[in-house]
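Me: I would like to go through this model element by element, with the cut-offs stated as we go. Please take my questions in turn.

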Amino acid sequence: LLQERRDNYIAAIAGDELSNFGLAFLDLSSGRFGVLEIDTKESLISELERISPAELVVNEENSLPGLTDDRRGLTRIPPWHYDLETCQRLLLEQFGTHDLAGFGCENLTQAIRAAGALLHYVGETQRAALPHIRSLRTENRDDSVILDAASRRNLELEYNLRGGTDNTLVSVLDTTSTAMGGRLLRRWVNRPLRDHNTLRLRFDAVNALLDPDLNESIQCHLRQVGDIERIITRIALRYARPRDLAMLQ
């Protein structure tokens with residue numbers, strides 16, 4: 001039932017009811033795990049609009065007005081799930097590291113709380129080890145063009161104003177060969193970067209792909225990658241069949 005061309009996130013919020021929030025988000029099928037810290041409730045609303053989580057985990061002691069009112073997929077968990085030391089320990093055990101410096105979030109207290117609480121929640125609900133979750137990506141809002149929730153909707157990036165996907169920016173741009181590529185394109189569209197060096201590298205890569213021979217060769221390899229990705233997703237979600245495992249031999 002998952003939409004394979006779109007990240008399917010579970011997210012968790014840490015922080016008080018007014019400002020200084022931590023936001024963690026995880027795509028369980030791919031293992032993509034990210035965090036960021038946010039200063040205001042308005043910015044948090046904007047980020048939730050971008051990530052569009054299917055499920056949102058919050059501290060049951062925080063009311064978060066305007067964020068949790070009538071929200072579908074809302075789960076409230078006890079405050080002790082956000083204990084900083086416990087959250088740090090869970091993350092270090094998951095990644096097999098001595099600290100979080102390599103992930104860029106060692107000083108982001110609220111982000112660590114959100115990530116640890118989310119990892120604890122997922123571990124409890126899945127009741128299984130999650131070995132494919134191997135790293136954590138820390139995002140910085142200043143690295144991208146900041147769009148508020150209203151602007152994001154009016155620009156019709158992924159969804160039009162009627163809630164459909166026709167005639168949106170993604171519907172025009174998405175000619176990717178794999179679900180992985182489709183997800184990456186949507187991340188880029190929803191989080192346009194401001195760093196010129198990174199943008200220049202992207203433009204150079206796109207220019208190289210205009211070579212017909214190179215493009216055809218890559219298309220062939222990507223079809224194989226797509227098959228492997230589907231098998232890995234089945235394994236991560238624990239509904240792989242023996243034939244799927246045999247294909248990886």
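Me: In which helix does L169 lie, and what does its relative accessibility make it count as?
Reply: This is a predicted model, in which local features need pLDDT of at least 70 and side-chain atom pairs count only at pLDDT 80 or more, while totals for chains, interfaces and linings use all residues. Residues are numbered from 1 along each chain as its sequence is written, and side-chain values use heavy atoms, with hydrogens and water left out. L169 lies in helix 5, residues 169–173, where helices (H or I, at least four residues) and strands (E, at least two) are DSSP runs numbered from the N terminus. Because its relative accessibility is 38%, and buried means under 20%, exposed over 50% and the range in between partly exposed (1.4 Å probe, protein chains only), L169 counts as partly exposed.

Me: Which residues form a nonpolar patch on the surface with L169, and about how much accessible area do they have together?
Reply: Patches are made of residues with over 30% relative accessible area and no salt bridge, like charges being joined within 9 Å and nonpolar side chains (Val, Leu, Ile, Met, Phe, Trp, Tyr) within 5 Å. The areas come from the Shrake-Rupley method with a 1.4 Å probe, and for residues only the protein chains shown count as cover. L169 forms the patch with V172 and L173, and together they have an accessible area of about 270 Å².

Me: Which residues of helix 2 are buried, and within what arc do they fall?
Reply: Helix 2 runs over residues 84–95, and the buried residues in it are C87, L90, L91 and F95, whereas E85 and E93 are exposed on the other side. The arc is taken from the directions from the helix axis to the C-beta atoms. Seen down the axis of helix 2, its buried residues line one face of the helix, because they fall within an arc of 115 degrees.

Me: Against which elements do the buried residues of helix 2 pack?
Reply: Contact here means heavy atoms within 4.5 Å. By that criterion, the buried residues of helix 2 pack against strand 3 (32–40) and helix 3 (109–126).

Me: Is R50 buried or exposed, and which residues does R50 touch?
Reply: R50 lies in helix 1, residues 41–51, and because its relative accessibility is 13%, R50 counts as buried. Leaving out residues up to four places away in sequence, R50 touches L36, E139, R152, N190 and R191.

Me: Where do D174 and R5 lie, and how many residues apart are they?
Reply: The side chains of D174 and R5 meet in a salt bridge at 3.5 Å, N to O, a salt bridge being a side-chain nitrogen of Lys or Arg within 4 Å of a carboxyl oxygen of Asp or Glu. The pair links distant parts of the chain, with D174 in the loop between helix 5 and helix 6 (179–190) and R5 in the segment before strand 1 (9–15), and they are 169 residues apart.
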